[in-house]
Each structure stands twice: as structure tokens, then as C-alpha cells.
Amino acid sequence: MREPCAASSLGRLTKRPDFVAAASGRRFHTERMTVQARLREGSGLGLRFGLTVTKRVGHATERNRIKRRLRAALPKAGQDYARIDADVVIIGRRDILGADFGLLIDDLRRALKAVTKPKSASPAERPLSSSPPPNGERRGHPHA
């Protein structure tokens, strides 16, 4: 009997608008891939992934092998981030074919950590700085 797959808790992106929306979020680049993600507020869908490998990378068999390797690495890399509501798009590059599997998992973990960080406070929510310097002086630039 097979163990339940961790990938079942990770969703898939299937619609083009979801891929396009993820492209508007944060990005993380390595030699092997680019990862884009957009956080979703309170949707309850968890982490959803989409894979993209362009024709410039190679023939169909090579592109499919790249996607299979990424699909195999996702459950291991995404298990710590499964509760985050985000759409993630991974754009695979040819270097994935020759990369060590552990390196792929490490790349994905670093990418997920970077692209799923919560947004920093907006300028309106940030604390105000101290009062302006006297006599119109600029901070850090004393008059000569």
C-alpha cells in the first residue's frame, strides 16, 4: 500500500489568469529556474503551483523531463509552506536536467521562502520618523 502523497495538499494552477496574476508578485531567480508568487488573502486554498517550460529550453521530451523533476521536488520543498495561501509559478530552465535532485529541492525551498514572505508594512502604517531637522538642514549632510 502506498503512503499518502504530500503533493495532494499542494494545489495546481490550471488557468492562465492565475499564471498571469502570479507574475505580478515577487520573483526569485537561480540558474535553474525563476519562481514567481502572489500571496492570496484569506482564500483558504493553500499553496498552488504552476509549471512553465518554454520551447526555447528544448524538445518536448526534455521539457517534460524538466516538469517531472520539478513535480517530484515540489512535495519535499513545499511541505513547510503548504499552509500559506499563495499562487506560485515556476519557470524551468535547461540546467534542471543535469542538476542534482537535492540542489533542486534546496533551490525551491530558498525560492519559496523569498516569494512567500508577507508584505512589509505600507508607508501609511510605518512609524513616522522624528521631526525634521532645524533650519532646513538635510539629515546626514551638514552645511560646509
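In the predicted model, residue T30 touches R93, D107 and R110, when residues up to four places away in sequence are not counted. T30 is found in the loop that lies between β2 and β3, and its relative accessibility is 10%, under the 20% limit, so that T30 counts as buried.

The five strands form an open sheet with mixed pairing, in which the strand order is β1-β4-β5-β3-β2. Strands β1 and β2 (residues 26-29) stand at the edges with a single partner strand each, and therefore one side of each is left without a neighbour in the sheet. Within the sheet, strand β4 (residues 47-52) pairs with strand β5 (residues 86-92) in the parallel sense, over six bridges, and F49 is placed opposite V88 of β5.

Two of the helices can be described by their contacts with these strands. Helix α2 packs on the sheet, where it touches β3 (residues 33-39), β4 and β5, and the direction of α2 makes about 160° with that of β4. Helix α3, which spans residues 101-115, lies across β2, β3, β4 and β5 and runs at about 155° to β2. With regard to separation along the sequence, 81% of the contacts between residues at least 6 apart in the chain join residues that are at least 24 apart.

The average pLDDT of the chain is 82, and 76% of the residues score at least 70. Over residues 1-8, however, the pLDDT is below 50, and this stretch has two contacts in the model beyond near neighbours in sequence. Where pLDDT is low, the predicted coordinates should not be read in detail. Among the elements of the chain, the lowest mean pLDDT, 88, belongs to strand β1 (residues 11-12), whereas the highest, 94, belongs to helix α2 (residues 60-78).

Terms used: Residues numbered from 1 in each chain as written. Predicted model: local features only at pLDDT ≥ 70, side-chain atom pairs only at ≥ 80, totals over all residues. Heavy atoms only, no water. pLDDT = per-residue confidence, 0-100. Helix = DSSP H or I, 4+ residues; strand = E, 2+ residues; numbered from the N terminus. Contact = heavy atoms within 4.5 Å. Pairing = 2+ DSSP bridges. Axes fitted to C-alpha atoms, helices over the stretch in contact; angles between N-to-C directions. Buried < 20%, exposed > 50% of the residue type's maximum accessible area, 1.4 Å probe, protein only.
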